[in-house]
Amino acid sequence: MIPITEYAGRDVAVYGLGRTGLAAARALKAGKAKVHAWDDNEASRAKAEAEGIPVSDLNKRDWQNFAALVLSPGIPLTHPQPHRLVRLAQMTNVPVVGDMELFARAVQSLPERGRPKIIGITGTNGKSTTTALIGHILKECGLDVHVGGNIGTGVLDLPALSANGYYVLELSSYQLDLTKSLHCDVSVLLNMSPDHLDRHGDMDGYVTAKKRIFRNQGRGDTAVIGIDDHYTQAIAMGLAGSGEMRLARISSEFALGRGVSAVDGKLFDSLANNAVRVGDLGDSATLPGRHNWQNAAAAYASCRALGLDPGRIFGAILTFPGLAHRMEQVGEIDGVRFVNDSKATNAQAAEQALRAYPRVYWIAGGQPKAGGIEPLMPLMDRVAKAYLVGEAADEFARTLDGKAAHESCGTLDKAVARALEDAKASGEENPIVLLSPACASFDQFKDFEARGQAFREAVETLGGDALRPVMRESA
């Protein structure tokens, strides 16, 4: 745990008692703050009370006494409208912060030579894999590494700050909206496409939130940025003109004269102008497809910025066990292989999975997002058949009419069974059944992880054997 002593002896409100909220409450309590925690969910309040965290209905408190409101990132800050407790804090001039801001201030309170290295990763897609991959590389190189934030462990539940530590943090746009003081030695922006627009108002708001990862960087720091979409290209141009931090461009589409590229899976380092071939990412069993090559390029560039040897970095990349629910190979039945990409909660993420395989039996659907699967229609030649589940089934069926064979299955277990039947009957060599929903999971599951686990269990019920272990986010 990282105790937060900034508010010692003062009253602090904590709203939202999920993973990050509980971690913040524990850290504040350890730092001698007077914690007043609340969640509208009774079960969440009971869990906090069982841990000895003081629970108090913030709707009934005198807000003049609070030194801060620590807001969980899932609670609306500005859009579609500020949460009622945010408005109450604003009316009483109580600062609204998040757990990542508390972490950032704790780091900044240390003497400069006593501060750990901070590596922050954000982007619309790929940030969890990239975060886990950087953490794996650093550990393989013998460093004292702690991985958390929006992945696995809440940042304030990570081990206490130390000068020799490396904190590898996944940062969501929600967390960045609540963060002003974070200084990253290495910051990573992978890519951007429309997402979470209901929480940021529009694309400009979303871009502004993501750009916060660079705001406190200066000389000696490095910004690693993908340039495979026009949003990040524009951001890279702006950073290059600022003349502050070092800029390391990365791409899985373009061979770069200066940067790190992974075109067709061949990783090249041209950070020092002369392009040097590092290795073939096709040798990795856990990083298939162009999007994972971008993730690997970002991880490589980040670790190079930290002074690590290219050969050791690439060797560690090849031993990466993968991350659950991201193109995770979960089983095989009679030559039919099952791939769990439950984390693909939008069309852009599903596109990457579809591009990774020449032909798939595709399970899609859930709670639909704006735009549906229309952007995926150019890839339908890769889809042998689609099996549609959840709320999106009817909408997706209309989109697919005349473009790809499909059937509505309703539930995930039925879709898995039907896909297996068709894949076995196809006579194809090593056919792939791919769960890449292009939807949120909340119509039928608690989250994408529960959906991915249900997929795994459906495969096991049909007689599948697990293919390999993967890295879990709680690890």
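Threonine 124 sits in the loop between strand 5 and helix 5, and in this predicted model threonine 124 counts as buried, at 5% relative accessibility. Setting aside neighbours within four places in sequence, threonine 124 is in contact with Asn191, Met192, Ser193, Asp195, Tyr206, Lys210 and Asn346. The chain itself is divided into domain 1 (11-97), domain 2 (102-319) and domain 3 (328-469).

- Threonine 124 gets the buried label for a like reason: its 5% falls under the 20% cut-off.
- Leaving out neighbours within four places in sequence, glycine 123 is in contact with Leu189, Leu190, Asn191 and Lys210.
- Asn191 and Lys210 turn up in the contact lists of both glycine 123 and threonine 124.

**What the UniProt record says here**

- An unreviewed UniProt entry carries the annotation "binding site" for Gly123, Thr124, Asn125, Gly126, Lys127, Ser128 and Thr129.
- From that set, Gly123, Thr124, Asn125, Lys127 and Ser128 belong to the lining of the largest pocket.
- The unreviewed UniProt entry also has the annotation "domain: Mur ligase central", covering residues 121-302.

- Four strands make up an open sheet in the order 2-1-3-4, with parallel pairing.
- Strand 2 (34-38) and strand 4 (96-97) stand at the edges with a single partner strand each, so one side of each has no neighbour in the sheet.
- Strand 1 (residues 11-15) pairs with strand 2 in the parallel sense, over five bridges.
- Valine 12 has valine 35 in strand 2 as its bridge partner.
- Strands in a sheet are held in pairs by backbone hydrogen bonds, parallel or antiparallel.
- Between the centres of domain 1 and domain 3, taken over C-alpha atoms, there are 39 Å.

**Glutamate 51**

- Glutamate 51 is found in the loop between helix 2 (42-50) and strand 3 (66-71).
- At 35% relative accessibility, glutamate 51 counts as partly exposed, because that value lies between the 20% and 50% cut-offs.
- Not counting residues up to four places away in sequence, glutamate 51 touches Leu22, Arg26 and Lys29.
- Glutamate 51 and tyrosine 167 are 116 residues apart in sequence and 26 Å apart in space, C-alpha to C-alpha.

**Helix 4**

- Helix 4 (residues 99-108) is mostly covered, with eight of its ten residues buried.
- The buried residues of helix 4 are Asp99, Met100, Glu101, Leu102, Phe103, Ala104, Ala106 and Val107.

- Strand 15 (residues 336-340) runs parallel to strand 19, and four bridges join them.
- Valine 339 stands opposite leucine 434 in strand 19.
- Strand 16 also runs parallel to strand 19, joined by three bridges.
- Isoleucine 363 stands opposite leucine 435 in strand 19.

**Helix 13**

- In helix 13 (residues 393-400), the buried residues are Ala393, Phe396, Ala397, Thr399 and Leu400.
- Looking down the axis of helix 13, those buried residues fall within an arc of 160 degrees, so they line one face of the helix.
- Asp394 and Arg398 are exposed, on the face of helix 13 turned away from the buried side.
- The buried residues of helix 13 pack against strand 16 (360-365), strand 17 (383-389) and strand 18 (406-410).
- Just after helix 13, glycine 402 takes a positive phi of about 80 degrees.

Conventions:
Residues numbered from 1 in each chain as written. Predicted model: local features only at pLDDT ≥ 70, side-chain atom pairs only at ≥ 80, totals over all residues. Heavy atoms only, no water. Buried < 20%, exposed > 50% of the residue type's maximum accessible area, 1.4 Å probe, protein only. Helix = DSSP H or I, 4+ residues; strand = E, 2+ residues; numbered from the N terminus. Arc of directions from axis to C-beta. Contact = heavy atoms within 4.5 Å. Domains from an automatic or database assignment. UniProt positions renumbered as here; feature names shortened; annotations may be inferred. 1 Å grid on protein atoms, 1.4 Å probe; cavity = no way out; pocket = protein on both sides within 12 Å on 5 of 7 lines; lining within 4 Å. Pairing = 2+ DSSP bridges.
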